[in-house]
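Morning, everyone. Let me put the structure up, and then I'll walk through it.

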Amino acid sequence: MPITPTPPVRPDQPDRGTIVDDPALLRTFLLGLVEGMTASAESTDRIRAEVVEIARAYGWDDVDVVVLPTIALVQTGRGETARVALRSVQATFRFDQIAELAGLLRQARAAEITPGDGIRRLNEIGAMPASRHWFLRTLGHALLTAGLALLLAPNWQAALVGFGLGALIGVAKLMRSQTLLLVLPIVASFTCALIVFQLAPHVELGDPLRVLIAPLATFLPGALLTTGVRELAAGQMVAGTSRLGTGLVQLALLAFGILSAGTLVGVGQGTYAPLEVTNTLPWWVAGVGLAIYALGTYLHFAAPARTFGWVLLALVVAYGAQQLGSFLLGPSISGFVGALVVAPLVLWIEDLRDGGVPSQMIFLPAFWVLVPGAAGLVGVTEAVGAGGGVGDFSAAFVTVMSIALGVLIGSALYRFARRSAEELADFHIDLPAVLAPSDEPVLSRIASATTTRASRRRRRDRE
């Protein structure tokens, strides 16, 4: 016997908000939410849990969701009544779109918006123009690059070169052609490497590879690799494996662009080996670099104004924890400490009722500070260009794994602490009527309760 959806709520069930009787409309709405969350770089396991919760808020328990990095399926009903909707996911959201989507998700979780209005709102979010002028977004990418250069290769020459290369890449990223955007990473890595290798003999830049990381930061798949490892740990093998494969191929393409430029210029193997920076700046310059980096992220990704302070706080915490981990445990697993500390902070910021910020908007900049993708790109380039073999590549892989593990453990600890706090908040014992708050004096209430019990006893005796 087929099981049919049960939209009505029984009287003994709690009120779950608006009840939807049209499964086709609900499927379309849920599928749009899945597409939007995927475009926001959310992990597949969290997308599924979120959408199932939203379906239950609208009175539908027979809903199943399958999410892959580029495909989404939503099923309503069971057996003969089951219907499936499928959609290919290709979009990528800016930070201002992610913020608007977060507001829509809050409404959907409480069933405060009808599916029809939700679909219209999703279309509006997808068609939103950038809230920053193209010049400000280009300037933001240049500042982002300069700030990251101060962290990776701390000297003023590297920061100035990074600013110029960041402006160049920022203009190129404004192109709307999907075909050109596909080849942009390898073209950008080739162009930046060509310029840096030409400048290196004449300008003291320190480690050329570290200087190259800054303008290529937004192409690095650090978050992609880390999310893939998280999904594998959560049992999402297809999604996790595909993200890891895509991230490794993207790293290989970026490294190929750098190696091609080195071959054209005629650099030796020593150029690809890690070098010591001789003209380092004072320690406090790292704080300046973090502030510039946060400002550049805010401008380039068109983030809402209220997010700047939270992003800066997360960057300071992530960088400080990573430096502490490097001092205590070594650089190879320093990212674990940074991720372990910053993950609960990001989730706490997201859960704030009044000023919550979607976690992706804080995680992505923090990932680039923790440099999982940068370590991977350096490892691949050194392994091929400098003949380092698998040692450099494996060290980069350990870095990515340590950061992913830190995110997993930090997130689990936060969720456990939050559930424990909610259970304590729900703990309640009703006081006896005699001791309950009242304007009547306690002695009078005791005397009244005694008189009442005595009269009840006499009544029972008479009966």
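How many of the 12 residues of H14 are buried? 12 of the 12, so H14 is largely enclosed by the rest of the structure. Buried means under 20% relative accessible area, exposed means over 50%, and partly exposed lies in between, with a 1.4 Å probe and protein chains only. Helices here are DSSP runs of H or I with at least four residues, strands are runs of E with at least two, and both are numbered from the N terminus.

Some ground rules. This is a predicted model, where local features need pLDDT of at least 70 and side-chain atom pairs count only at pLDDT 80 or more, while totals for chains, interfaces and linings use all residues. Residues are numbered from 1 along each chain as its sequence is written, and side-chain values use heavy atoms, with hydrogens and water left out.

Back to H14. The helix covers residues 359-370. From first C-alpha to last it reaches 16 Å, close to the 16 Å expected at 1.5 Å a residue. That expectation is 1.5 Å times one less than the number of residues. Its buried residues include Phe363, Pro365, Phe367 and Trp368.

Now the whole chain. It has 17 helices and three strands. There are 463 residues, and 46% of them count as buried. The chain exposes about 22,700 Å², with carbon and sulfur atoms supplying 63% of that. Those areas come from the Shrake-Rupley method with a 1.4 Å probe; for residues, only the protein chains shown count as cover. Next, contacts, meaning heavy atoms within 4.5 Å. Take those with a separation of 6 or more: residues 24 or more positions apart account for 72% of them.

On to the strands. S1 is residues 63-67, and S2 is residues 71-76. They run antiparallel, joined by five bridges. Pairing requires that DSSP finds at least two bridges between two strands. Val65 has Val74 in S2 as its bridge partner. The hairpin from S1 to S2 passes through three residues. S1 has two faces: Val63, Val65 and Val67 are covered, while Asp64 and Val66 are uncovered.

Arg137 sits in helix H5, residues 134-152. Leaving out residues up to four places away in sequence, it touches Arg94, Ala130, Arg132, Leu174, Leu299 and His300.

Ala111 has a positive phi of about 55 degrees, although it is not a glycine. It lies in the loop between H3 and H4, and is buried at 5%. Ala302 also has a positive phi of about 55 degrees. Its loop runs between H11 and H12. Ala302 is buried, at 0% relative accessibility.

Gly164 in H6 is partly exposed, at 38%. Its C-alpha is 6.6 Å from that of Ala142, 22 residues apart along the chain. Ser411 lies in H16 and is buried, at 15%. Beyond its neighbours within four places in sequence, Ser411 contacts Ala343 and Leu347.
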